[in-house]
Amino acid sequence: MAAKTPVAKAVVAKPAADPAATVAGVAATVTTALPGVPQALSARARTLAGAVRRRCADLARIESPSGDAPRLDALAEELAAGFRATGATARREPGPAGDHLVLEWEGRDESLPHLLIVGHHDTVWPVGTLADWPVTEQDGRLTGPGVVDMKGGLAILEGALALLADLGERPHRTVRLVVVSDEEVGSPDGRLLVERQLRGAAAVLGLEPPHPDGRLKTARRGSTRVRLTVTGREAHAGNDAQDGVSAVDELVDQLVLVRDLAGQPGTELNAGRISGGSRANVIAGRAEAELGLRFATVEAQRRTLDNLARLTALRPGARVRTEVLSSRPAWPERTGNPLLRHVRSLAAVLGQQLDGAPAGGAGDTNLPGSRGLPTLDGFGAVGAGAHARHEYIRLDQIAPRIALLAALLAVPLPRLRDRAEG
C-alpha cells in the first residue's frame, strides 16, 4: 500500500450569542495562550485546509471495515505516523478484530489532568465499496465511504495539532487520543480501553461528525445490540413436517413480540439482520436476528433489556436465547454545561457561531457522558449522510474546525466541575 502524506505541518458561522463579558474573558485567555490569535490561528487554519482535505481523502481510500483486522491495522499504522509527525507518542493496543491506538501529546502544564479525545478508524462500508463509489470532490463537498464517519474528524485533529506545532506551541495540558477499531459494532473491546483512559480526565471530546448544521452533540441515546437466537428441530418439510419445529416461524413470532416490547416510551428498535434455515424442503432448525435498540433513558434501557432476557419459546420444542453483543448507556442532557459555554465563547472569539444539541446516535462518548464527566461530541468534519451512500463533508467547514480544535487544545479550560480541574 502506498504511503500517504500526513498533514505534518498544519463551524464557520456568525458571532456567538454568549454575554459580551464572557467572550471578552475568553478572548483575553486566548490572546495570553496564543499571541496573535484569533487572526493568525484562523489564517493558518485556512492554509492547512487543503492538506487536511487531501489527508481525509487518502484515509478514506484505505478501506477499513469493522472486523477486518489486516486493513484496520494498516490504517492504524498510517494514522500513528501522521500523528507522530505532530509530536505525539503512539502505541498500538491489540484488539481481537484489529488494533486500537493510544496517542499522547505533552502539555505545557503536565500537572493538570489530561484532556481525553475519542475516535475510531473502522467504518460500516465493506471492502470493494470504493470500486463503484470512489472518493471524489464536487460542488464544495468531499464524498466517499467513511469521509464523515470519521476519517474527516481524524484528519482535522491531525491538522489542529500540526497547526500548533507550526506555531511552536503545545497543548495547554496533556492530550490523550484513543482511536478504537470496533466503534461501528458497539466498541465491545474498545470500550474497555476508553474506560481505562477516563480515570483522571478533565474532560472528554468526541471526533464524531456534528449535527449537519455544525452544532456539537451534548447528549446521546443509549444503544444496545442484541442477538436473538432460536433453535428448532429439522425435519423433511413434505414427509415429516409434523416432526419438525420451525426456528424461522418461531423467530418471526418472537420479533412481533419484541416490536411490542420496543414500542414502550423512550425505546426504538431496528431489526438489522435476519438469517435462518437451510432449504425450502427442510424445516428450519436454527434462525437468528441481530437487533439494534436505542434508548432515551437508562430506565428505558434497563426495562427493555430485562424484558428481552425473559423471552420464552411459543412452540413446544423450540428454544429462544437472547445475547447482548454490545451496550452503551444513555448520556442524558445536562443543564448548565460549562464545557459547551467555554467552546461556544471560544468559537465566538474565532468569528464562529456554535451551539449544541442532543443526538440520536450513540458512540464512545456515551460512557463518560453517562458518568457525568464534562463531555462534548461532534468535533469532527461538518457534513451529513453517515452510513449512507450520500455521505459527504463540507470543504468550507474544514478550516473553522481546525482553528476551533487548535484553540480548544491550547487554551486553559475553565472550571468544569465542582472541584477545580486546573
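# Exercises on helix packing and a sheet

The axes of helix 2 (residues 39-60) and helix 5 (residues 147-166) come within 8 Å of each other and cross at roughly 140°. This is a predicted model: local features need pLDDT of at least 70, side-chain atom pairs count only at pLDDT 80 or more, and totals for chains, interfaces and linings use all residues. Residues are numbered from 1 along each chain as its sequence is written, and side-chain values use heavy atoms, leaving out hydrogens and water.

**Exercise 1.** Classify the crossing of helix 2 and helix 5, then list the residues in contact.

*Solution.*
- Helices are DSSP runs of H or I, at least four residues, and strands are runs of E, at least two; both are numbered from the N terminus.
- Axes are lines fitted to C-alpha atoms, for helices over the stretch in contact, with angles from 0 to 180 degrees between N-to-C directions.
- Under 35 degrees is roughly parallel, over 145 roughly antiparallel, 65 to 115 roughly perpendicular, and the rest oblique.
- Helix 2 is therefore oblique to helix 5.
- Contact means heavy atoms within 4.5 Å.
- Helix 2 supplies L41, R44, A45, L48, V52, R55, C56, L59 and A60; helix 5 supplies V147, K151, G152, A155, I156, E158, G159, L163 and D166.

**Exercise 2.** Describe how helix 2 packs against helix 11.

*Solution.*
- Helix 11 spans residues 398-410; its axis is 8 Å from that of helix 2, at an angle of about 120°.
- The two helices are therefore oblique to each other.
- From helix 2 come L41, S42, A45, R46, L48, A49, V52 and R53; they meet I398, A399, I402, A403, A406 and A407 in helix 11.

**Exercise 3.** Give the strand order of the open sheet and find its edges.

*Solution.*
- Six strands run in the order 1-2-6-3-7-14, with mixed pairing.
- Two strands pair if DSSP finds at least two bridges between them.
- Strand 1 (89-93) and strand 14 (375-376) are the edges; each has a single partner strand, so one side of each lacks a neighbour in the sheet.
- Strand 1 pairs with strand 2 (residues 100-105) in the antiparallel sense, over five bridges.
- R92 is opposite L101 in strand 2.
- Helix 3 (residues 69-84) lies across strand 1, strand 2 and strand 6 (175-180), at about 5° to strand 2.
- Helix 5 lies across strand 2, strand 3 (115-120) and strand 6, at about 145° to strand 3.

**Exercise 4.** Is Q197 buried or exposed?

*Solution.*
- Q197 is in helix 6 (residues 190-198).
- Buried means under 20% relative accessible area, exposed over 50%, partly exposed in between (1.4 Å probe, protein chains only).
- At 6% relative accessibility, Q197 is buried.
- Beyond its neighbours within four places in sequence, Q197 contacts R91, H114, L116, R176 and V178.
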